[in-house]
Amino acid sequence: MNLFRKGEDKIKPEELRIEKLSKVHAEILKDFNSDEQDLVDFLIEDAFNQQDRRISATYLWFLRQTNELIAYITLTPDCVKLNNINSELSQKFKDKGINFKSLPALKICRLCVKNKYLKKGLGTLLIQFSINKAFILSLDVGCRFIYLDAKRNSDPKKDALHFYKKMGFEIYKNRNDRETPMYMDILPFIKTLADR
Ligand SMILES: CC(C)(COP(=O)(O)OP(=O)(O)OC[C@H]1O[C@@H](n2cnc3c(N)ncnc32)[C@H](O)[C@@H]1OP(=O)(O)O)[C@@H](O)C(=O)NCCC(=O)NCCS
């Protein structure tokens, strides 16, 4: 996995401000756009309500200089079930010494970058943010994986599966044409993060 962000055109972490979604953001959300309209609709219509009911938590990413909302991510606790998986993957987990039926995970429910800001390294930063959250959970209550359903697109440039593979995610199951469940084992990151 290469989380090193190369290139001058990338947005730097210090240019960003992250806020947890709240009622005060209601108007700002309307300026957000993406070709993935369902991700825009979720943000505007459902994200706060779900958060209010403690089903998920949404974090908004703003450009400090302009206060523009340029990305968001929605997270929830989950578990990765290890029964009912193919024998190859099952063996892979056994080789790692994992013999449980399920393991705790942090699920990326939604993740979206505003159209104008695609390919500027924000997706990578959002994944780093999730790894940090999973690491904190791992210390407090245990957490081993990040899990998600990658949105599929027949246009390879818009197929999130390729992005997640680049980030180090692996396929958990081939489900259908629309979504592919993927996971990342955070154990390799834990030592690095713990040493900070
Ligand atoms: C998927 C998404 C979050 C990626 O965000 P991003 O800010 O463009 O990603 P980054 O700039 O950090 O890209 C990191 C690397 O992945 C590559 N990449 C990004 N999207 C890609 C795609 N769809 N297919 C292949 N590679 C992709 C980038 O080119 C970059 O590679 P490089 O380091 O070799 O230059 C963004 O495309 C998005 O919001 N899409 C619409 C919503 C969506 O599909 N969300 C996922 C739902 S599961």
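Which helices and strands each supply at least two residues of the shell around the ligand?

## Around the ligand

In this predicted model, the elements that each supply at least two residues of that shell are the strands β4 (102–113) and β5 (145–151), together with the helices α4 (122–140) and α5 (160–167). Helix α5 gives the largest share, with 4 residues.

In total, 22 residues surround the ligand, and the closest are V113, G123, T124, H162 and F163. Sorted by class, the shell holds 9 nonpolar, 8 charged and 5 polar residues, which may be handy to have in mind as you look at the site.

## The sheet

Let's turn to the strands. Seen in order, β1-β2-β3-β4-β5-β7-β6 make up an open sheet of 7 strands with mixed pairing. Its edges are β1 (16–20) and β6 (170–171), each of which pairs on one side only.

For a closer look at one pairing, take β2 (residues 57–63) and β3 (residues 69–81): these strands run antiparallel and are joined by 6 bridges. Within this pair, T58 has T74 in β3 as its bridge partner.

## A residue in β5

Strand β5 also contains I146. Is this residue buried or exposed? I146 counts as buried because 27 other C-beta atoms lie within 10 Å, where 20 or more are needed.

Setting aside neighbours within four places in sequence, I146 is in contact with A105, L106, I108, S130, I131, A134, Y183, M184 and I186. As for P104, its C-alpha atom is separated from that of I146 by 8.8 Å, although the two residues are 42 residues apart along the chain.

Technical notes. Residues are numbered from 1 along each chain as its sequence is written. This is a predicted model: local features need pLDDT of at least 70, side-chain atom pairs count only at pLDDT 80 or more; totals for chains, interfaces and linings use all residues. Two strands pair if DSSP finds at least two bridges between them. A residue is near a molecule or strand if its C-beta atom, placed from the backbone, lies within 6 Å of it. Ala, Val, Leu, Ile, Met, Phe, Trp, Tyr, Cys and Pro count as nonpolar, Asp, Glu, Lys and Arg as charged, and the others, Gly among them, as polar. A residue is buried if 20 or more other C-beta atoms lie within 10 Å of its own, exposed if 12 or fewer, and partly exposed in between; C-beta atoms are placed from the backbone. Two residues are in contact if their C-beta atoms, placed from the backbone, lie within 7 Å.
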